[in-house]
Amino acid sequence: MVRIDSPALQNFSVRALDACLKVPARKTEVLSQLTEVIVAIVSDRRIAALHRRFLNERGPTDVITFQHGEIVISAETARRQAGTFRTSVERELRLYIVHGLLHLRGFDDKTAAGAAEMKRIQEKLVAKVDRALRRSMPR
């Protein structure tokens, strides 16, 4: 089981949504037309089933984004990646949320150039939202 601070992650998500809406959209953008975005944090087993069913790929993945506004994230993959990259589970989850929001904004990571661009933008947005959250915390 992976422990998650749901209120903090929800607060981050709301601010990340606002930040992503300020990023210039791509042709396939749907984010600005959605009435809600749902983030579901699931197990590797569940995301692997979705990965197989909707993308015809085997095994778990970090995040799957559906164009109707669903972002599905694997907590177990976040924990493994946090160990690999020597960061926290919370940071991985924040990266995955922003990654999913960027997909809804029309970004694509199917090419090396697209993946590099998404990585650069998501790192920048996570840092920006994290700074804003730190400034808003009572001292």
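Rings of Phe, Tyr and Trp (its six-membered ring) are taken as a pair if their centres lie within 6.5 Å; planes under 30 degrees apart count as stacked, over 60 as edge-to-face and the rest as tilted. By this criterion, a search of the whole structure finds one aromatic pair.

The model is predicted: local features need pLDDT of at least 70, side-chain atom pairs count only at pLDDT 80 or more, and totals for chains, interfaces and linings use all residues. Residues are numbered from 1 along each chain as its sequence is written, and side-chain values use heavy atoms, with hydrogens and water left out.

**Stop 1: the aromatic pair**

Select F54 and F66. Their ring centres are 5.0 Å apart and their planes stand at 80 degrees, so the pair is edge-to-face. Because F54 belongs to helix α2 (residues 44–55) and F66 to strand β2 (residues 63–66), the pair ties together parts that are twelve residues apart in sequence. Helices (H or I, at least four residues) and strands (E, at least two) are DSSP runs, numbered from the N terminus. F54 is partly exposed, with a relative accessible area of 43%, whereas F66 counts as buried at 18%. Here buried means under 20% relative accessible area, exposed over 50% and partly exposed in between (1.4 Å probe, protein chains only).

**Stop 2: the nonpolar cores**

A nonpolar core is a set of buried Ala, Val, Leu, Ile, Met, Phe, Trp, Tyr and Cys residues joined through side-chain atoms within 4.5 Å. Select F12, C20, I73, V98, L101, L102 and L125, which touch the most other members of the largest core, a set of 30 residues. Two or more residues of this core come from each of α1 (6–21), β3 (70–74), α3 (75–85), α4 (89–104) and α5 (112–136). The largest share, nine residues, is that of α4.

Not counting residues up to four places away in sequence, L102 touches C20, F107, M118, I121, Q122 and L125, contact being heavy atoms within 4.5 Å. A second, separate core of six residues includes V42, L50, F66 and V72.

**Stop 3: strand β1**

Select A40, found in strand β1 (residues 38–42). A40 is partly exposed, with a relative accessible area of 27%. Leaving aside neighbours within four places in sequence, A40 is in contact with I71, V72 and I73.

**Stop 4: the largest pocket**

A pocket is an open set of points on a 1 Å grid over the protein atoms alone where a 1.4 Å probe fits, with protein on both sides within 12 Å along at least five of seven lines; lining residues have an atom within 4 Å of a point. Select D62, V63, H99, H103 and D109, the closest to the centre of the largest pocket among its 29 lining residues. The lining receives the most from α4, with six residues.

H103 is in helix α4 and is buried, with a relative accessible area of 16%. Beyond four places in sequence, H103 touches T65, Q67, D108, D109 and M118.

**Stop 5: two loops**

Select N56, in the loop between α2 and β2, then R86, in the loop between α3 and α4. Phi of N56 is near 55 degrees, a positive value in a residue other than glycine; phi of R86 is likewise positive, near 55 degrees. N56 is exposed, with a relative accessible area of 62%, and R86 counts as exposed at 79%.
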